[in-house]
Amino acid sequence: MTQTEHITIYTDGACQGNPGPGGWGALLIYNEHEKELFGGEKETTNNRMELSAVIHALNSLKSSCTITLYTDSNYVKDGITKWIHNWKKNNWRNSQRKPVKNSDLWQELDQASQRHTIEWKWVKGHAGNYGNEKADMLANKGVPS
């Protein structure tokens, strides 16, 4: 793949209890090809799984790409498009001067997104969108039993 090639990614996180066992899922679409990714952790939060889904999806790409990334998490979309700039400027502290929650994953996401051109889009969850429904199914598949 080259920078001019376009990939569509749908991501989602799931948690049984918050915190509790959780999973992440990602659906990558390139032309007519689909790739499914999923995984999970025994003790985590929904927000950590939402972030993990995006990180794993971006890190799975072998070269720089143009991406349209859909998430049903405003936390992820707003964090990466609005809040992260000030967090970095303030040494990973929020506007109340407290440490940013999940800063380890935000830093990973920041690093993973650097080599791509990404358009971040929010999609309503559980509303019949094929990609979002598939990412949700994969996230639930990733929850450890």
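This is a predicted model: local features need pLDDT of at least 70, side-chain atom pairs count only at pLDDT 80 or more; totals for chains, interfaces and linings use all residues.

Me: How is a sheet read, and what is the order of the strands here?
Reply: Strands of a sheet pair through backbone hydrogen bonds, either parallel or antiparallel. Strands (E, at least two residues) and helices (H or I, at least four) are DSSP runs numbered from the N terminus, and two strands pair if DSSP finds at least two bridges between them. Here five strands form an open sheet with mixed pairing, in the order β3-β2-β1-β4-β5. Its edge strands, β3 (33-44) and β5 (117-122), each pair on one side only. On average, neighbouring strands are turned by 20° against each other, direction ignored.

Me: Which strands does helix α1 touch?
Reply: Contact means heavy atoms within 4.5 Å. Axes are lines fitted to C-alpha atoms, for helices over the stretch in contact, and angles run from 0 to 180 degrees between N-to-C directions. Helix α1 (residues 46-59) packs on the sheet and touches β1 (6-15), β2, β3, β4 (66-71) and β5, its direction making about 155° with that of β1. Helix α2 (residues 74-89) also packs on the sheet, touching β4 and β5, and its direction makes about 140° with that of β5.

Me: At what angle do α1 and α3 pack?
Reply: Two packed helices are described by the angle between their axes and the distance between the axes. For α1 and helix α3 (residues 103-113) the angle is about 25° and the axes are 9 Å apart. The two are therefore roughly parallel to each other; angles under 35 degrees count as roughly parallel, over 145 as roughly antiparallel, 65 to 115 as roughly perpendicular and the rest as oblique. Among the residues that make the contact are Leu51 and Ile55 of α1 and Trp106 and Leu109 of α3.

Me: How do α2 and α3 cross?
Reply: Their axes come within 11 Å and cross at roughly 95°, which makes α2 roughly perpendicular to α3. The contact includes Ile80 and Trp87 of α2, and Trp106 and Leu109 of α3.

Me: How many salt bridges does the structure hold?
Reply: A salt bridge is a side-chain nitrogen of Lys or Arg within 4 Å of a carboxyl oxygen of Asp or Glu. The structure holds six. One of them joins Lys134 to Glu34, with the closest N and O atoms 3.9 Å apart. Lys134 lies in helix α4 (residues 130-142) and Glu34 in strand β3, so the pair ties together parts that are 100 residues apart in sequence.

Me: Which peptide bond is cis, and where is Pro19 found?
Reply: The bond from Asn18 to Pro19 is cis, with omega near 15°, and Pro19 is found in the loop between β1 and β2. As a further backbone feature, Arg97 has a positive phi of about 65° although it is not a glycine; Arg97 is placed in the loop between α2 and α3.

Definitions and conventions: Residues are numbered from 1 along each chain as its sequence is written. Side-chain values use heavy atoms; hydrogens and water are left out.
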